Amino acid sequence: MTAVEEWDEGPFQPEAITVRVPAKINLSLSVGPLRPDGYHELVTVFHAVSLYDEVVARSARGIALSVEPLRRDSDVDAVPADERNLAWQAATLLAERCGVEPNVRLTIRKDIPVAGGMAGGSADAAATLVACDALWGTGLRRDELHDLAAQLGSDVPFALHGGTAIGTGRGEHISPVLASTGLEWVIAVLDAGLSTPKIFEACDARRRRSGEQAPAPGVHPDLMAALRSRDIGAIGAALYNDLQPAAVEVLPQIGELLALGVAAGACGSLVSGSGPTTVFLVDSPLAAANVEAELRASGRCRAVRRARGPVPGANVVNVR
């Protein structure tokens, strides 16, 4: 971490900006063939849920970053506090784009699982763009922030927008989806982490072994129809993730948890992104309590959370 000194440029510059940003889950994730640039063509339905990180940007000379847990069971040990962190890169990119010095002390308060398939690092980068834009007074429009977000990573643009949206390309092209009802989730955070590149490689390997050709990715119409309805059971039945078999193959306890949650009353279960976090759609507080209790009792989870979606993307919650 780089040493910095606090400073004040005058009465009109805020001292600190706090931005809250949600985790995402993928209601569907369709993985197409490998592209020449090394990415897979994707079509996904993003869904932002009420499990949050906070990024605080303070006036400083130079750039520095620290990471803190928001809860006692939030794991931050593996999060880098230097230029390897996507939030650091976001601040640097914004400063370069706007021709300003990257003078900021970033504090990331984490509750989104680390390496859990819920885009916590991408969420922090999106929050940093919003926070530094407000702190420095650079005044970029959301579409301009979106363009910067797309340079940082596939999930960063969605973290800016939140809600429910279709993502295409590598996930960076966002089209909002109107969903008629809020969804209640139980989220199981495993102790183990999974590497996103490793899971994509395992997915490709499974397809090669079976002789399966990677299909053109798309969103199944059953899911879109279910999202427009108020039928939670239909939504649960339509959830899918092409990476899920690979994640279960690499970490079999994921499959055990998915089965356990459904047996406890979940309407649907899913690996979030590349895993290993698993999410369970429930249709009542009683079902949520039952699923949560069974997951906790399994001894396989570091933490179990309840969340609701969709929720808005990165937004300023405090200015001082």
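Two strands are taken to pair if DSSP finds at least two bridges between them. The model shown in these views is predicted.

**View 1. Strand β1 and its partner β12.** Strand β1 (residues 16-34) and strand β12 (residues 315-319) are joined by 4 bridges and run antiparallel. Within this pairing, Arg20 stands opposite Asn315 of β12. The charged end of Arg20 also sits over the ring of Tyr52, at 4.0 Å from the ring centre. Of the 19 residues of β1, 16 are buried, and the strand is thus mostly covered.

**View 2. Strand β1 and its partner β8.** Strand β8 (residues 240-241) is joined to β1 by 2 bridges, and these two strands run parallel. Leu29 has Asn241 in β8 as its bridge partner. A UniProt annotation from an unreviewed entry, "domain: GHMP kinase C-terminal", covers residues 223-299. Over residues 223-299 the chain is 57% helix and 14% strand, with the end C-alpha atoms 32 Å apart.

View 3. Strands β1 and β2 pair in the antiparallel sense over 16 bridges. Leu34 has His40 in β2 as its bridge partner, and Val31 is bridged to Leu42 of β2. The hairpin has 5 residues between its strands, and Gly38 there takes a positive phi near 95°.

View 4. Strand β2 is largely enclosed by the rest of the structure, because 17 of its 19 residues are buried. Strand β5 (residues 164-169) runs antiparallel to β2 and is joined to it by 6 bridges; here Thr164 in β5 is the bridge partner of His47. Strand β4 (residues 104-110) is likewise antiparallel to β2, with 5 bridges joining the two. Val55 stands opposite Ile108 in β4.

**View 5. The aromatic pair of Phe46 and Phe158.** A pair of aromatic rings is described by the distance of the centres and the angle of the planes. The count for this model is 1 aromatic pair. The rings of Phe46 and Phe158 are stacked, at 4.7 Å centre to centre and with 15° between the planes. Phe46 belongs to strand β2 (residues 40-58) and Phe158 to helix α4 (residues 156-161), so the pair ties together parts that are 112 residues apart in sequence. Phe46 and Phe158 are both buried.

View 6. Thr128 is found in helix α2 (residues 120-136). Thr128 counts as buried because its relative accessibility is 0%, and the cut-off for a buried residue is under 20%. Neighbours within four places in sequence left aside, Thr128 is in contact with Val55, Ala87, Ala90, Ala91, Leu106 and Asp133.

**View 7. The charged end of Arg170 and the ring of Tyr39.** The charged end of Arg170 sits over the ring of Tyr39. The distance from this charged end to the centre of the Tyr39 ring is 4.9 Å.

**View 8. Confidence along the chain and the stretch of residues 7-11.** The protein chain has an average pLDDT of 92, and 96% of the residues score at least 70. Over residues 7-11, however, the pLDDT is below 50. Beyond near neighbours in sequence, this stretch has 4 contacts in the model.

How values were computed. Residues are numbered from 1 along each chain as its sequence is written. This is a predicted model: local features need pLDDT of at least 70, side-chain atom pairs count only at pLDDT 80 or more; totals for chains, interfaces and linings use all residues. Side-chain values use heavy atoms; hydrogens and water are left out. UniProt positions are given in the numbering used here, feature names are shortened, and annotations may be inferred rather than shown by experiment. pLDDT is the predictor's confidence in each residue, from 0 to 100. Contact means heavy atoms within 4.5 Å. Rings of Phe, Tyr and Trp (its six-membered ring) pair if their centres lie within 6.5 Å; planes under 30 degrees apart count as stacked, over 60 as edge-to-face and the rest as tilted. Buried means under 20% relative accessible area, exposed over 50%, partly exposed in between (1.4 Å probe, protein chains only). A charge sits over a ring if NZ of Lys or CZ of Arg is within 6 Å of the ring centre and within 35 degrees of the ring normal.
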